[in-house]
Amino acid sequence: MITQIYNGNILIPGGRWINGGSVVIKDDKIAEIYNHSRVFENIDVALNAENGYVLPGGIDLHVHGGGGRDFMEGTHEAFTTAVSVHRRHGTTSIFPTLASSTNETIRRAASVCSDLMEDPFSGVLGLHLEGPYFQPSMAGGQLPGNIRNPSPDEYIPLIEEYPCIKRWDAAPELPGADEFARYITSKGVVASLGHTIANYSDVVKAFESGYTLATHFYNAMTTSHKTGIYKHEGTVEAVFLNDGINVEVIADGIHVPPIILKLIHKFKGYGRMCLITDALAITHSPDGTSYDPRVMIENDVCKLKDGSAIAGSCATMDRLIRTAVKDAGIPVEDVARMVSETPALIMGVYDRKGSICKHKDADIIIMDKNLNLTHVIAMGQNVDLKN
């Protein structure tokens with residue numbers, strides 16, 4: 001199958017644009033990129049971008065579910081349903097996320113994830129464990145009963161048995177959290193700090209132990225605060241000052257207001273900042289139900305029903321892009337790189353994902369000038385955005 005996208009403004013590596021160009025896809029790979037829009041004769045499918053944006057497909061590093069299904073269910077149906085919902089909104093690659101879970105739940109989901117990773121079209125690139133090694137006072141929407149301290153008797157067997165685990169989050173101030181990070185990073189797993197009250201020295205030590213990412217930056221972590229009459233830095237300021245720590249941000253415009261999105265971009269730049277949905281099962285749930293009965297959507301925001309916390313989001317990739325560009329005023333090319341190139345680099349898949357480049361996987365989205373999604377191509381296949 002040969003597909004040509006023509007009459008588009010194509011973002012290529014380096015944040016550069018080819019205006020009025022075209023991309024030729026052969027099977028599941030990008031075959032050629034041209035600076036013209038002449039449609040070739042041997043094309044099976046021709047897609048007119050209508051002078052819109054042709055961007056790399058979104059890579060979501062942090063997403064819990066969608067369509068009423070949660071990855072914690074640990075079934076093929078739950079995984080494929082949630083992946084399909086997000087694919088229709090511009091996420092072509094995904095790292096399914098488990099909130100703080102029991103050992104049994106992790107194993108069940110890891111088994112399904114491993115199976116799906118065998119199929120390149122599944123879009124599943126690896127499992128992300130958000131917890132359970134968190135600071136109880138920063139639980140947020142996590143299940144408090146599942147939160148515990150790091151235990152090598154738990155994490156070593158899981159990492160050894162399930163190479164599908166590609167990222168694991170913890171609060172670095174917990175006892176054993178440094179040893180945890182050193183071990184998982186030695187196995188190629190990304191260590192991320194989150195749900196934490198870490199101070200500056202904790203963050204410095206965490207970075208030295210291997211933590212290179214901050215989980216949903218600004219959320220479930222401390223900022224500048226007073227102890228008594230004296231002001232102290234929080235986790236946020238410590239991460240800002242550490243140039244080696246990347247950040248992921250829920251760019252729904254709610255968890256992090258647009259002005260703060262702009263501030264993070266100014267400090268970290270597109271190369272150290274990526275955008276995530278942190279979407280829950282209730283996202284585009286056909287009947288409005290959720291895997292977690294504690295959660296509801298109110299004014300387009302996911303909240304715990306008792307009003308105690310914001311709990312994940314109901315955002316999708318296309319919404320992240322629109323919010324960051326239109327509300328935060330970040331350039332389109334930077335935003336596009338923060339949902340593709342930067343996450344691909346963080347997770348070590350940039351050799352095949354994250355940019356529109358010859359011989360890479362054909363994961364591409366097309367958006368019109370108003371940043372409405374018009375087409376999604378995943379591994380060379382045109383995705384039906386309605387079903």
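At what angle do helix 2 (residues 103-116) and helix 3 (residues 152-161) pack, and how many Å apart are their axes? In this predicted model, the angle is about 10° and the axes lie 11 Å apart. Helix 2 is therefore roughly parallel to helix 3, since angles under 35 degrees count as such. From helix 2, the residues Asn103, Ile106 and Arg107 meet Glu154, Pro157, Leu158 and Glu161 of helix 3. Sorted by class, this contact has three nonpolar, one polar and three charged residues.

Helix 7 (residues 258-268) has a buried side, made up of Leu261, Ile264, His265 and Lys268. These residues are on the same side of helix 7 because they cover an arc of only 100° around the axis. Ile259, Lys266 and Phe267 are exposed on the other side. The buried residues of helix 7 pack against the elements in the table.

| Element packed against helix 7 | Residues |
|---|---|
| Helix 6 | 235-241 |
| Strand 16 | 246-250 |
| Strand 17 | 273-276 |
| Helix 8 | 317-327 |
| Helix 9 | 332-338 |

Gly269 follows helix 7 and has a positive phi, near 75°.

A further residue, Lys369, sits in the loop between strand 20 (364-367) and strand 21 (373-378). Its relative accessibility is 46%, so Lys369 counts as partly exposed. With neighbours within four places in sequence left aside, Lys369 is in contact with Asn9, Asn51 and Tyr53. Between Lys369 and Gly312 there is a separation of 57 residues in sequence and 29 Å in space, C-alpha to C-alpha.

Methods
Residues numbered from 1 in each chain as written. Predicted model: local features only at pLDDT ≥ 70, side-chain atom pairs only at ≥ 80, totals over all residues. Heavy atoms only, no water. Axes fitted to C-alpha atoms, helices over the stretch in contact; angles between N-to-C directions. Helix = DSSP H or I, 4+ residues; strand = E, 2+ residues; numbered from the N terminus. Parallel < 35°, antiparallel > 145°, perpendicular 65-115°, else oblique. Contact = heavy atoms within 4.5 Å. Nonpolar A, V, L, I, M, F, W, Y, C, P; charged D, E, K, R; others polar. Buried < 20%, exposed > 50% of the residue type's maximum accessible area, 1.4 Å probe, protein only. Arc of directions from axis to C-beta.
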